Amino acid sequence: MTPLAPRQRGELAEACQRDAGAPGKRLLPLRGGRISQGWGENGAYYARWGLRGHNGEDWVNGPADRPITPPPSPPVNWGGIPEAWDDEVFWVYATGAGVLRVGSSDGYGLYAYVMGERWHWLFAHLAAIWVMDKGVAVPGEVIACMGYSGITVPAGIAGRHLHYGVRPAEMDRGNGYGGYVDPSGVRAA
Ligand SMILES: [Zn+2]
């Protein structure tokens with residue numbers, strides 16, 4: 001298992017940054033994706049985890065814009081989803097710079113967590129990850145592909161999405177969202 005060669009990662013990052021548009025525009029975790037569940041929604045469902053509502057954004061790709069790309073190299077970590085690239089592959093891009101933590105949990109499944117100076121970013125339910133634990137994330141670089149590991153609704157490939165969370169480095173874990181805040185107002189920096 002080896003991570004993406006630096007040159008391949010650089011090329012992908014360049015392409016993503018082109019797509020990101022004007023300076024100051026929000027860098028997005030998926031290219032051409034859309035939000036399927038927004039921040040703060042479905043409080044009754046999330047009460048079981050002690051949350052006031054959805055503590056992030058769920059992203060999926062629309063049928064017209066999904067990139068169909070074979071994996072350029074084996075991933076570093078797997079989310080237990082063998083068919084991850086038997087069909088489409090939906091690349092997940094780092095939206096900020098920071099040190100990476102890679103892990104898994106019952107709810108989030110395989111996840112990557114980027115710890116920047118001002119913000120932390122969570123990418124969850126991943127199928128596979130191409131970056132190393134304790135490595136450094138670069139904004140616009142491919143770090144993973146979308147999957148359905150952990151708890152998704154529905155379970156399985158029909159529930160495939162990216163859970164995207166943002167919290168300040170100086171977080172308030174008692175804010176009712178585990179310290180996470182509405183990602184829509186956050187720019188990478
Ligand atoms: Zn979510």
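**Close-up views of a predicted model**

**View 1. Ala97 and its surroundings in the predicted model.** Once neighbours within four places in sequence are left aside, Ala97 is in contact with Gly116, Ala137, Val138 and Pro139. Ala97 belongs to the loop between S4 and S5, and its C-alpha atom is separated by 9.8 Å from that of Arg118, a residue 21 residues apart from Ala97 along the chain. The model shown here and in the following views is predicted.

**View 2. The chain as a whole.** The chain contains two helices and ten strands, and when these elements are read along the sequence they follow the pattern α-β-α-β-β-β-β-β-β-β-β-β. Of the 189 residues in the chain, 41% are buried. Among the contacts that join residues at least 6 apart in sequence, 63% are between residues at least 24 apart.

**View 3. The largest nonpolar core.** This core has 40 residues, and those with the most contacts inside it are Val92, Ala112, Phe123, Leu126, Ile129, Ile143 and Ala144. Two or more residues are given to the core by each of the strands S4 (91-93), S5 (98-105), S6 (109-115), S7 (119-129), S9 (142-146) and S10 (162-168). Which of these strands provides the largest share of the core? The largest share comes from S7, with nine residues. In soluble globular proteins, nonpolar side chains tend to be buried together.

**View 4. Phe123 and the residues it touches.** Phe123 is one of the residues with the most contacts inside the largest nonpolar core. When residues up to four places away in sequence are not counted, Phe123 touches Pro29, Val92, Tyr111, Ala112, Ile143, Ala144, Leu162 and Tyr164.

View 5. S5 and S6 pair in the antiparallel sense over seven bridges, and a hairpin of three residues joins the two strands. Within this pairing, Arg101 stands opposite Tyr113 in S6. From S6 the chain continues to S7 through another hairpin, again by way of three residues, and these two strands are antiparallel with five bridges between them. Here Met115 stands opposite His120 in S7. S6 itself is mostly covered, since six of its seven residues are buried.

View 6. S10 is mostly covered, with six of its seven residues buried. Strand S2, residues 57-61, runs antiparallel to S10 and is joined to it by three bridges; in this pairing, Asp58 has His163 of S10 as its bridge partner. S7 also pairs with S10 in the antiparallel sense, over six bridges, and Trp119 has Pro168 of S10 as its bridge partner.

**View 7. Confidence along the chain and at residues 1-22.** The average pLDDT of the chain is 83, and 78% of the residues score at least 70. Over residues 1-22, however, the pLDDT is below 50, although this stretch has 31 contacts in the model beyond near neighbours in sequence. Where pLDDT is low, the predicted coordinates should not be read in detail.

Conventions:
Residues are numbered from 1 along each chain as its sequence is written. This is a predicted model: local features need pLDDT of at least 70, side-chain atom pairs count only at pLDDT 80 or more; totals for chains, interfaces and linings use all residues. A nonpolar core is a set of buried Ala, Val, Leu, Ile, Met, Phe, Trp, Tyr and Cys residues joined through C-beta atoms within 7 Å. A residue is buried if 20 or more other C-beta atoms lie within 10 Å of its own, exposed if 12 or fewer, and partly exposed in between; C-beta atoms are placed from the backbone. Helices (H or I, at least four residues) and strands (E, at least two) are DSSP runs, numbered from the N terminus. Two residues are in contact if their C-beta atoms, placed from the backbone, lie within 7 Å. Two strands pair if DSSP finds at least two bridges between them. pLDDT is the predictor's confidence in each residue, from 0 to 100.
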